[in-house]
Amino acid sequence: MKYLYVFLLLCLFAISCSKQDMRVIHEGSDDLTHLLNMENHLNLKFESYATAIPEYLKAVGMKDLEFDDDKVALGRVLFYDKALSSDQSVSCASCHQQHRAFADGKAFGDGVDGQRAARNSMALGNTTNFSAHYRAIRSNTAPSLLWDERVTNLQDLTRAALTNPREMGMTMPKVVERVENKVYYQYLWKRAFGRTEIAEQDILDCISEFVSAIGSTTSKFDKALIQTSGEMSVTITDTIVSNIYYNPDPKPDTTIVTTTTLPFFNQSEFRGLGLFVANCSPCHSPIRPFQEVFMACNGLEMNYSDQGLGNVTENPAHNGVFKSPPLRNIARTGPYMHDGRFKTLEEVVEFYSTGVVEHPNLHPRMRDENGSARKNFTAQQKKDIVAFLHTLSDDAITQDERFSNPFK
Ligand code: HEC
Ligand code: HEC
């Protein structure tokens with residue numbers, strides 16, 4: 001009943017707001033969407049970005065996500081707008097492409113004037129809202145942004161991408177000027193902010209709001225956990241998910257997965273889950289609340305040409321330390337690692353099997369109980385891990401029109 005009232009109130013609010021907007025913007029026009037589409041070659045619908053979080057994630061503390069939909073819609077246009085780069089050839093979406101789960105398929109993304117970004121473009125789906133959730137429950141131990149986690153919030157990150165000479169090559173006053181010169185932003189600003197003056201902070205806020213909204217929880221792995229935990233109480237769900245997923249003390253040859261299978265999983269995927277939990281999950285959690293290690297040296301090479309966190313802190317103990325990504329949609333986001341050195345997941349798993357080097361900063365979690373950092377997986381085990389990694393793919397993210405390019 002309470003919800004019904006809230007819903008009705010929201011409807012009334014929505015109707016009154018939109019009517020008012022249209023009167024102000026364009027006398028005699030009754031449809032803002034139509035107007036935008038006719039005049040500006042934009043294909044923009046105003047939709048809800050509210051995200052329902054499945055029970056099994058709520059059980060571990062996540063909450064449904066709510067957004068200011070008009071700001072997300074505006075942020076979506078900005079995210080895809082090449083006018084926001086110095087030579088008008090690059091947008092955020094050049095390096096963060098929807099069909100690749102918001103990575104770009106290259107070792108180093110293409111910036112303005114034929115330049116290359118310094119690192120591999122990171123996938124965006126779910127990254128930020130899961131991080132934000134983590135930040136809320138664990139405060140200062142939450143994962144931050146970028147391969148060296150040097151940025152803590154999306155607004156700063158957006159400013160950095162816009163002004164990075166290798167990415168979009170702008171100054172913030174120039175960004176504001178470009179936005180002011182496009183007629184469609186006048187409409188969108190009026191709708192989102194109730195005014196037409198454009199402030200730098202608005203731009204950063206809206207792009208951040210859009211990036212935060214990109215997410216989904218409908219991978220095969222999610223579906224299996226949703227079905228398994230389905231009807232049970234929150235406490236039981238928590239225990240089951242923890243048991244399926246969480247192994248505080250990984251031992252390579254044991255598996256804490258006690259069920260005999262998961263719904264929708266074939267035997268190979270299921271064995272892969274066991275291997276993943278035993279060898280990988282302390283550092284990579286597609287279910288963020290279970291990730292313990294946010295940054296680590298995973299022993300890619302002895303003399304890193306990019307020192308990662310070490311560049312930021314100048315502490316030798318941080319050399320070769322990088323963010324350890326959540327791996328949602330990992331099958332879509334290659335090439336892999338901060339420098340895109342591995343083209344396929346098979347190469348990545350081969351690296352963990354036989355390629356890890358004895359770097360002085362190698363994270364202790366990289367070693368098994370015998371102290372070995374090389375897992376020497378069998379051919380079948382390698383196949384199983386790759387099969388499991390594919391269960392983290394989520395087509396909702398790559399196909400959802402609400403995250404797609406709004407320019408016709
Ligand atoms: C030229 C390619 C390029 C462009 C354009 C670009 N990015 Fe990125 N993005 C990257 C690279 C490379 C990284 C990792 C950089 C690093 O670690 O130093 C990254 C990282 C990120 C991250 C961090 C993700 C995480 O999990 O830590 C976010 C968020 C992001 N970009 C959003 C944006 C937004 C928003 C824009 C537009 C304003 C944008 N990017 C434009 C290449 C690009
Ligand atoms: C001690 C922590 C740790 C463990 C254990 C670990 N990784 Fe990683 N992983 C990392 C870090 C850190 C990176 C990023 C390294 C870099 O780019 O320099 C990474 C990168 C990756 C990537 C590439 C991600 C991307 O977006 O490019 C994949 C895939 C991956 N790991 C899979 C695995 C698998 C599979 C296992 C288990 C066999 C595993 N990892 C075990 C820390 C770890």
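The iron atom of ligand 1 has His96 as its only protein donor, through NE2 at 2.1 Å. Donors here are N, O and S atoms within 2.8 Å of the metal (3.2 Å for Na, K and Ca), and water is not among the atoms, so sites may look incomplete. His96 sits in the loop between α5 (92-95) and α6 (127-138). Helices (H or I, at least four residues) and strands (E, at least two) are DSSP runs, numbered from the N terminus.

This is a predicted model: local features need pLDDT of at least 70, side-chain atom pairs count only at pLDDT 80 or more, and totals for chains, interfaces and linings use all residues. Residues are numbered from 1 along each chain as its sequence is written, chains are lettered from A and ligands numbered from 1 in the order in which they are written, and side-chain values use heavy atoms, with hydrogens and water left out.

Turn to ligand 2. His284 (NE2) and Tyr352 (OH) coordinate its iron atom at 1.9 to 2.0 Å. The pair links distant parts of the chain, 68 residues apart: His284 is in the loop between α13 (267-279) and β1 (295-296), Tyr352 in helix α15. Ideal octahedral angles are 90 or 180 degrees. His284 is buried at 12% relative accessibility, and Tyr352 is buried at 18%. Buried means under 20% relative accessible area, exposed over 50%, partly exposed in between (1.4 Å probe, protein chains only).

Two residues have positive phi without being glycine. Met337, at about 80 degrees, lies in the loop between β2 and α15 and is buried at 14%. That loop also holds Pro335, and the peptide bond from Gly334 to Pro335 is cis, with omega near 0 degrees. Phe264, at about 75 degrees, lies in the loop between α12 (234-245) and α13. Phe264 is partly exposed, at 46% relative accessibility.

Finally, a helix pair. Helices α7 (residues 154-163) and α10 (residues 200-213) pack at about 110 degrees, their axes 8 Å apart. Axes are lines fitted to C-alpha atoms over the stretch in contact, and angles run from 0 to 180 degrees between N-to-C directions. The two helices are therefore roughly perpendicular, a label for angles of 65 to 115 degrees.

Notes. Angles under 35 degrees count as roughly parallel, over 145 as roughly antiparallel, 65 to 115 as roughly perpendicular and the rest as oblique.
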